[in-house]
Amino acid sequence: YIRLSKIGSVRIKLHRQMQGAIKTCTVIAKNERYYVCLFCEIETQTQVTGKRIGVDLGLQHLAITSDGDFHHAPKYLRKSERQLKKLQRIVSRRKKGSRRRKKAVALLAKKHEYIANQRRNNAHQVSRQLVNGYDLIAFEDLKIINMVKNHHLAKNIVDAGWNQLVQFTTYKAESAGKLVVLVDPRNTSQQCSSCDEIVKKTLAVRTHRCPSCGFECDRDVNAAKNILKRAVQHLQTCRKTR
């Protein structure tokens, strides 16, 4: 049970034991369900690994690291499109203002919430792996609002949930005493991570081959290595200016 002011004791499903001192309590109503979010103040527990990683965000794979790890993009929205279309057709057939339409709208909203929860759960798992394994995590500073203006890629970009992954990794890193750095994404895929030579290639070319130094690796892994290199250079510059 939880005791709420002006309401009294309410029975709840507690999915995690509270840690530290409770500071605020927020009650959220969503799709005929109520959620209680408790914000607690706890001491930072730092686990130093001494490792650094660069992460390239993609559509075929959600995250590709400079160590060569590939985190799969589940594409929950794409997999549920047939069910969503069926539910949307049912809503469109129902008379506006009727009880049956309200029920159909509620079913459609619950399906969208389920997909969002799947995407959120996957982002939590990947961000937790990154924070537990590395002290420095570097991402591209992508302008996602501008990228979704491309109607050919907009649905895939939204389905991937790049911004959510970066946000979850950032707050988990802060609570663990670790660091997330966002770098300029310009030419991360075109630049050679070995000799810094610009090697032009289209999106169809998935392997980076440098004619200057002979370095060869996966295109996304090469981009992740460049992201990490830029993050390290940014930190060194900041230290010098201090």
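A residue is called buried here when its relative accessible area is under 20%, exposed when over 50%, and partly exposed in between (1.4 Å probe, protein chains only). Arg119 is buried by this rule, because its relative accessible area is 16%.

The model is predicted: local features need pLDDT of at least 70, side-chain atom pairs count only at pLDDT 80 or more, and totals for chains, interfaces and linings use all residues. Residues are numbered from 1 along each chain as its sequence is written, and side-chain values use heavy atoms, with hydrogens and water left out.

Start with the sheet. Helices (H or I, at least four residues) and strands (E, at least two) are DSSP runs, numbered from the N terminus. Two strands pair if DSSP finds at least two bridges between them. Five strands make an open sheet with mixed pairing, in the order 7-6-5-8-9. Strand 7 (70-72) and strand 9 (179-183) are at the edges; each has a single partner strand, so one side of each has no neighbour in the sheet. From one strand to the next, the twist averages 25°. Axes are lines fitted to C-alpha atoms, for helices over the stretch in contact, and angles run from 0 to 180 degrees between N-to-C directions.

Now look at strand 8. Strand 5 (residues 52-57) runs parallel to strand 8 (residues 136-140), and three bridges join them. Ile53 has Ile137 of strand 8 as its bridge partner. Strand 8 also pairs with strand 9, in the parallel sense, over five bridges. There, Ala138 has Val181 of strand 9 as its bridge partner. How many residues of strand 8 are buried? Five of its five are. Both faces are covered. Leu136, Ala138 and Glu140 are buried on one side, and Ile137 and Phe139 on the other.

Contact means heavy atoms within 4.5 Å. Helix 6 (residues 162-175) lies across strand 5, strand 6 (61-65), strand 8 and strand 9. Helix 6 runs at about 145° to strand 9. Helix 7 (residues 219-241) packs on the sheet too, touching strand 5, strand 6, strand 7, strand 8 and strand 9. The direction of helix 7 makes about 130° with that of strand 5.

Two residues give a local view. Val180 lies in strand 9. Val180 counts as buried because its relative accessibility is 19%. Leaving aside neighbours within four places in sequence, Val180 is in contact with Ile137, Phe139, Thr169, Thr170 and Ala173. Its C-alpha atom is 9.3 Å from that of Val131, 49 residues apart along the chain. Ser66 sits in the loop between strand 6 and strand 7. With a relative accessible area of 6%, Ser66 is buried. Not counting residues up to four places away in sequence, Ser66 touches Ile53, Gly54, Val221, Ala224, Lys225 and Leu228.

Next come the charged pairs. Side chains of opposite charge can pair when their charged atoms come close. A salt bridge is a side-chain nitrogen of Lys or Arg within 4 Å of a carboxyl oxygen of Asp or Glu. The count comes to nine salt bridges. In one of them, Asp159 pairs with Arg119, and the closest N and O atoms are 3.2 Å apart. Asp159 lies in helix 5 (residues 154-160) and Arg119 in helix 3 (residues 99-133), so the pair ties together parts 40 residues apart in sequence. Asp159 is buried, with a relative accessible area of 5%.

Glu41 forms a salt bridge with Lys23, with the closest N and O atoms 3.3 Å apart. Glu41 is in strand 4 and Lys23 in strand 3, so this pair ties together parts that are 18 residues apart in sequence. Glu41 is partly exposed at 48% relative accessibility, whereas Lys23 is exposed at 55%. Arg209 forms a salt bridge with Glu216. Arg78, Glu81 and Lys155 are linked in a network of salt bridges.

Finally, turn to the surface. Ile12, Leu14, Met18, Ile22, Val27, Tyr34 and Val36 form a nonpolar patch there, with about 650 Å² of accessible area together. Patches are made of residues with over 30% relative accessible area and no salt bridge: like charges are joined within 9 Å, nonpolar side chains (Val, Leu, Ile, Met, Phe, Trp, Tyr) within 5 Å. Accessible areas come from the Shrake-Rupley method with a 1.4 Å probe; for residues, only the protein chains shown count as cover. Strand 3 (21-30) and strand 4 (33-41) each supply at least two residues of the patch. Ile12 is in the loop between strand 2 (8-10) and strand 3.
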